[in-house]
Amino acid sequence: MSTHSDPALMRPRRFAAQGPLKGRIRVPGDKSISHRSIMLGALAVGETRVTGLLEGEDVLSTAAAMRAMGATIERQANGDWLVAGVGVGGLLQPNGALDMGNSGTSTRLLMGLVASHPIAACFVGDASLSKRPMGRVIDPLSQVGARFTAYPGGRLPLIVEGAATPVPLTYRLPVASAQVKSAVLLAGLNTPGITTVIEPVPTRDHSERMLRGFGADLSVELDSDGARVIRLVGEAELKPQTITVPGDPSSAAFFAVAALIVPGSDLVIENVGLNPTRAALFDVLRQMGGSIEELNRRDVGGEPVADLRVRASTLTGIDVDPAVVPSMVDEFPVLFVAAAHAQGRTITRGLEELRVKESDRITVMRVALEQAGARVQETEDGLIIDGTGGEGLRGANNHPVATHLDHRIAMSMAVAGLASAAGVEVDDTRPIATSFPVFEQLIATATGQ
Ligand code: S3P
């Protein structure tokens, strides 16, 4: 936890030009789907089998928490995970605090689950997670009847006392957040009556797809303003499932950008999830002139999947449509790196949510890219980047860039390093293990080291 930010324990590394990315790689399972597989498996009665689960620290935090609340969760020798659930309503009060590590998704979704069970739970996290706002879930979950004692500012550590008689809610999302949507829906599972979430701006829909897959009665329709109205019938009985988790598009993103900007690259990234609520980065990169081909499009576990063939390309800056933000919300740090290599100007806006991720990704990327020689201007809700026109950045090797316990900053600046003259030193690579434990190994594979 707090040791995570102890400078003596940080693991710096310099990422330098290694030559083109070639061959075929396969990225690990989708983080959002992995969290939900464990949570919903733990609420079904019987055994859920998960193939391709992301074994990143964030998902392991979810697994540990669900175990602490009564589920049996085990990894098999062949890499599959088996989850024996307790049934909706069957969560037990954990004995100690639930350590969420760096994971906002674990925290917010589990707060939703606890909110409608007659148990109390204490959530703690690392220095990054302890700065992030939890008011956005405390507000709706208080209306369900749960009680919260949070650190000032609605932060971790916090204690949730779930409602003994939870009340079904109709909640219009004030921020475009799949985590808030999911927290309310998960609270609805053990609440009598119908829980309704109104989503004016669509966000990733894995919770809806998977709740239905597990047998919940959930419907989605559009109202007259085009908002999505999601209704979940409570006191659900979930049935165990066999789940195959597709590769994470948010992890593939780093390799897609690396292959576009490192001259001579021609890389196939296999098994990439392309759910339309997640995959906008690849469209934006194509609009910039990136060569990204979809091969062997198919369905894996109810999600569209393809292998992506990415070839080094001359990119041109664009004005990124703010409407795509929710469907690539985690991909902006690496898009900024692509923009820093493009010809001309890239403008991004509508990114205020990036300021409350694992770090303030607008400021932190502005500072890191400037340090590596990019021309960047920060606005209230985005960055304006004037690219080098295909030349690599100068790099940053006399002073490491600060990643602020943010895995996506570390990986984005690693990618910048691969296409730079002098390399980029990042101050700490440990947070990469939260979402993409084999990242450095795959860099070595793709660059033939
Ligand atoms: C996630 C939703 C997103 C995303 C996060 C995972 C999820 O957060 O940034 O990495 O699995 O629901 P918000 O919903 O808060 O934007």
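Across the interface of domain 1 and domain 2, the rule finds four salt bridges, a salt bridge being a side-chain nitrogen of Lys or Arg within 4 Å of a carboxyl oxygen of Asp or Glu. This is a predicted model, in which local features need pLDDT of at least 70 and side-chain atom pairs count only at pLDDT 80 or more, while totals for chains, interfaces and linings use all residues. Residues are numbered from 1 along each chain as its sequence is written, and side-chain values use heavy atoms, with hydrogens and water left out.

**The two domains**
- Domain 1 comprises 14–29 + 246–446 and domain 2 comprises 31–244; the bounds come from an automatic or database domain assignment.
- The C-alpha centres of domain 1 and domain 2 are 29 Å apart.

**Their interface**
- Arg209 and Glu303 form a salt bridge, with 3.9 Å between the closest N and O atoms.
- In contact (heavy atoms within 4.5 Å) are 28 residues of domain 1 and 26 residues of domain 2.
- The two domains bury about 2200 Å² between them, 49% of it on carbon and sulfur atoms; buried area is the accessible area (1.4 Å probe) that two parts lose on being put together, summed over both.

**An open sheet**
- Four strands form an open sheet with mixed pairing, in the order E6-E7-E9-E8; strands are DSSP runs of at least two residues, numbered from the N terminus, and two strands pair if DSSP finds at least two bridges between them.
- Strand E6 (98–99) and strand E8 (147–151) stand at the edges with a single partner strand each, so one side of each has no neighbour in the sheet.
- E8 and strand E9 (residues 155–161) run antiparallel and are joined by five bridges.
- Tyr151 has Arg155 in E9 as its bridge partner.
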